[in-house]
Amino acid sequence: MQKRSFGVTTLAFSSVMVGLYCQFAAITLMLAGSVFTPTGSISGAIALFLGAVFLGTMVAAYLLGYGFWTRKHWSWAGGVALFGVLAGASLALSVTASDYLSSITPLVAGVLVVWYLNRPDIKAELLGQSPSKQVQDVAPDGLKGAEPAR
C-alpha cells in the first residue's frame, strides 16, 4: 500500500480540528439561542438553527477525518461538501457576529481547503487514481511539442 502523503495527513488533522471548532460553535450557539435570548426572537432562532448546522458539521468533520486518514474514496467528495458547508455557515454567522475575524477566518480556510482538494495530486490520491502526467512528444530535432518531421 502506498504511503499517505503529508497533505492528506494534514487534511485529516484539519478535519478533526474543524470538528472541535464546530463542537464549540454548536454548544455556544445553542446555549445562546435557548438561554440568553428572549423567547421568540429572530436572533435566538437564527442562533439555534446555526447551532444545529454546526452540530451536524461536527459529526461530518470527525467522520471525514477518519476518511482522510484511511484514504477512503468518499473522503474527497465529503471534504468538498463539508468545507463548502463550513464556508457557507461561517458566512451566515458573520451576519450576526460582532467579531468578524472569528467568522471570516473559517470562511477563508474552507475556501482554501476546497481549492487544495482540487489539486490533481491530492484528488488522485484520495480517489485512488494514478496522477496524470502530461507527456510531450519530442520531435526528431529535439524540440518539445513540435510536429514530427515527415
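The model is predicted, so to speak of local features a pLDDT of at least 70 is needed, side-chain atom pairs count only at pLDDT 80 or more, and totals for chains, interfaces and linings use all residues. Residues are numbered from 1 along each chain as its sequence is written, and side-chain values use heavy atoms, with hydrogens and water left out.

**The overall layout**

The protein has five helices and zero strands, in the order α-α-α-α-α from the N terminus. Helices here are DSSP runs (H or I, at least four residues), strands are runs of E of at least two, and both are numbered from the N terminus. Of the 150 residues, 32% are buried, where buried means under 20% relative accessible area, exposed means over 50%, and partly exposed lies in between (1.4 Å probe, protein chains only). Among contacts with a separation of 6 or more, 62% join residues 24 or more positions apart; a contact means heavy atoms within 4.5 Å.

Helix H4 covers residues 100-117, 18 residues in total. From first to last C-alpha it reaches 26 Å, close to the 26 Å expected at 1.5 Å a residue, the expected span being 1.5 Å times one less than the number of residues. Which residues of H4 are buried? They are Ser 103, Pro 106, Leu 107, Gly 110, Val 113 and Leu 117. These residues lie on the same side of H4 because they cover an arc of only 130° around the axis, taken from the directions from the helix axis to the C-beta atoms. As a reminder, an α-helix has 3.6 residues a turn, so residues three or four places apart point the same way. On the face of H4 turned away from the buried side sit the exposed residues Leu 101 and Trp 115. The cover over the buried residues of H4 includes H1 (6-34), H2 (42-69), H3 (75-96) and H5 (120-127).

**Two helix pairs**

Two packed helices are described by the angle between their axes and the distance between the axes. Axes are lines fitted to C-alpha atoms, for helices over the stretch in contact, and angles run from 0 to 180 degrees between N-to-C directions.

| Pair | Axes come within | Crossing angle |
|---|---|---|
| H1 and H4 | 12 Å | roughly 150° |
| H2 and H3 | 10 Å | roughly 155° |

The H1 and H4 angle makes H1 roughly antiparallel to H4, and H2 and H3 are roughly antiparallel to each other too. Angles under 35 degrees count as roughly parallel, over 145 as roughly antiparallel, 65 to 115 as roughly perpendicular and the rest as oblique.

On the H1 side, Gly 7, Leu 11 and Tyr 21 make the contact with Ser 102, Pro 106, Val 113, Tyr 116 and Leu 117 of H4. Between H2 and H3, the H2 residues in contact include Phe 54, Leu 64 and Phe 68, and those of H3 include Ser 75, Leu 82 and Phe 83.

**A few residues to look up**

Ser 75 is found in helix H3 and counts as buried, at 0% relative accessibility. Leaving out residues up to four places away in sequence, Ser 75 touches Leu 64, Gly 67, Phe 68 and Leu 126. Leu 126 is itself one of the buried residues of H5, whose cover includes H1, H2, H3 and H4. Just after H5, Gly 128 takes a positive phi of about 75°.
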